[in-house]
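Visitor: I'd like to learn how to read helix packing and chain contacts. Could you walk me through a case?

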Amino acid sequence: MTTLKINQLTKRFGRHTILENLSFQLEPQHIYGLLGRNGAGKSTLLNIINNRNFQTDGEITLAGDSINNTPTALQRMYLMSEANMYPKRTRVSDMFKMAATGYRDFDLALAHRLTSEFEVDERAQLNNLSTGLTTIAKLITALCVDVDFVFLDEPTLGLDANHRELFYRELLKTYEDRPRTFILSTHLISEVQPLIDHVFILHHQHLIKDEAVDELLANAWAISGPAALVDQYCAGLTILDQQTISNIKTVYVVQPLDEQRIIPDQVKIEHIDLQRAFMVLTNGKEN
Amino acid sequence: MRLPMVYRKSMLTYFARLAIVFLTVLALFIISSVFGLLTGASLRESFSGFGDDFLNTFIPLAYIWFGFYYLWVPYREFKLGMQNGQTRHQIWLSQILGIITTTIFNFLLWLAAGGWHYQTITPYFGTFLILIDVVSLAYAVGSGFALLSRKWKIIVGIATPTVILIVLVQIVRLLINFWHPSAATLQALSSLVDWSGSWVLCGLLWLAIMIGLSYLFTMRQQLRRD
């Protein structure tokens, strides 16, 4: 298995820049989270990586070869997205057949087991399925295709809590059985936090974080206490977000804290979770 | 290189829908013959010319479907191919293979409808060339339209034929007003038109241009959001 490299990627629609100068790489056997606010360009990025759309500038290579029009590269990648890529009357079983013909291998036994687990009728046509069941049919296809990179764009769209839980379980199971790279683009950050080991955060056309989740969270803090003491402690820190209720102030920082700095008695410092870290990094304000 | 996915799916769609047309026309003819029987006509009267009438109705419909199909499928097959690990190049090759297959099928239909009795090869070749020229035009237009959003499809769909019509009218006007060829020139032109070789050359040139355009358009296709 090799690394998928994205080098200085830029995408513009007319004068509007969607992605600017992104460089990162996807290593084998990781589960990545691709996070970003609405309109940040996550789907555009995934479509470009999978050669469905063209970049304005930059290049994407797999094993040193550009992925554009390269069958060996595209055969190693699968993108499940909310875009409807199938004709309306396609049956779930037809999706499996097409994937089996298009890709080198498809685990039909697993597909049958998953359709049974998720209670999806394989003979059903996509236009007769609910949004959630359509998503499930697409997810099952994505989990059963034998590729090195599986991109899941909004994989939980329309799924109820039970189905989401089942999906996360099956994702981990298939990852254990056949380790490969998954990239999850989602807004349900708290739910995917236990699954992902590395996170990319897109914000205002740029990749503002490309970091292991543990490393990011090790430096993500909520500092709270009496406003004056918090201000005194946080002097010199980059405060990404803050809120004050009465005289109690909470500030959020994502940076290493100086161990020599003395913490006032009434000031409390706690780690924050990935969702909170994402919100403060993307300048999410809270009342 | 894997070709079959898009090609197989495309041919399945093409022939499945053609089968629906076939069965619909057949059912209509059977119903109308049965009505004939019910209104007192004899069995022979009711079903006389059934085969010829049926073919004369079905074959034009099959040709219409043949022309329309490649206007309709390029973007649909692009999406299917992209979802299933195919490159643009593979998708284009699959579609060209589909065009050859459907042209051969429609050529066989033409033979079945009575086109088999010619003594020379020219009419056979000419018919095949016309069929493939028409479908390659449909494919080039379909691939070009696949690049456009809905709004631009409407604009280009109306504007292009209008512009072509205006240009043609202006050219004819100019020729009538300013071009007064000598008898010898007219004779030379008429012999050029009469020579079947010039039509063959035009047909092959047209085919090459349409295939080239379809290749250019397919290589530029992208997922649209409309």
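Visitor: How many residues does helix α5 of chain B have, and how far does the helix reach from its first C-alpha to its last?

Guide: Some ground rules come before that. This is a predicted model, where local features need pLDDT of at least 70, side-chain atom pairs count only at pLDDT 80 or more, and totals for chains, interfaces and linings use all residues. Residues are numbered from 1 along each chain as its sequence is written, with chains lettered from A and ligands numbered from 1 in the order in which they are written. Helices are DSSP runs (H or I, at least four residues), numbered from the N terminus. The expected span is 1.5 Å times one less than the number of residues. Here α5(B), residues 122–145, has 24 residues and reaches 34 Å, close to the 34 Å expected.

Visitor: Which residues of α5(B) are buried?

Guide: Buried means 20 or more other C-beta atoms within 10 Å of a residue's own; exposed means 12 or fewer, and partly exposed is in between, with C-beta atoms placed from the backbone. Among the buried ones in α5(B) are B:Leu131, B:Ile132, B:Val135 and B:Tyr139. The buried residues of this helix pack against α3 (50–83), α4 (88–112) and α8 (196–219) of chain B.

Visitor: How do I describe a packed pair?

Guide: Two packed helices are described by the angle between their axes and the distance between the axes. Axes are lines fitted to C-alpha atoms over the stretch in contact, and angles run from 0 to 180 degrees between N-to-C directions. For α5(B) and α8(B), the angle is about 25 degrees and the axes are 8 Å apart. The two are therefore roughly parallel, a label for angles under 35 degrees.

Visitor: What is the make-up of the contact of α5(B) with α8(B), by class?

Guide: Contact means C-beta atoms, placed from the backbone, within 7 Å. This one has 12 nonpolar, 8 polar and 1 charged residues. Nonpolar covers Ala, Val, Leu, Ile, Met, Phe, Trp, Tyr, Cys and Pro; charged covers Asp, Glu, Lys and Arg; the others, Gly among them, are polar.

Visitor: How many residues of chain A are in contact with chain B?

Guide: 18 residues of chain A meet 19 of chain B. On the chain A side, α3(A) gives the largest share, 4 residues. By class, that side has 10 nonpolar, 7 polar and 1 charged residues.

Visitor: Why does A:Thr72 count as exposed?

Guide: A:Thr72, in helix α2 of chain A, counts as exposed because it has 12 C-beta neighbours inside 10 Å.

Conventions
Two residues are in contact if their C-beta atoms, placed from the backbone, lie within 7 Å. Angles under 35 degrees count as roughly parallel, over 145 as roughly antiparallel, 65 to 115 as roughly perpendicular and the rest as oblique.
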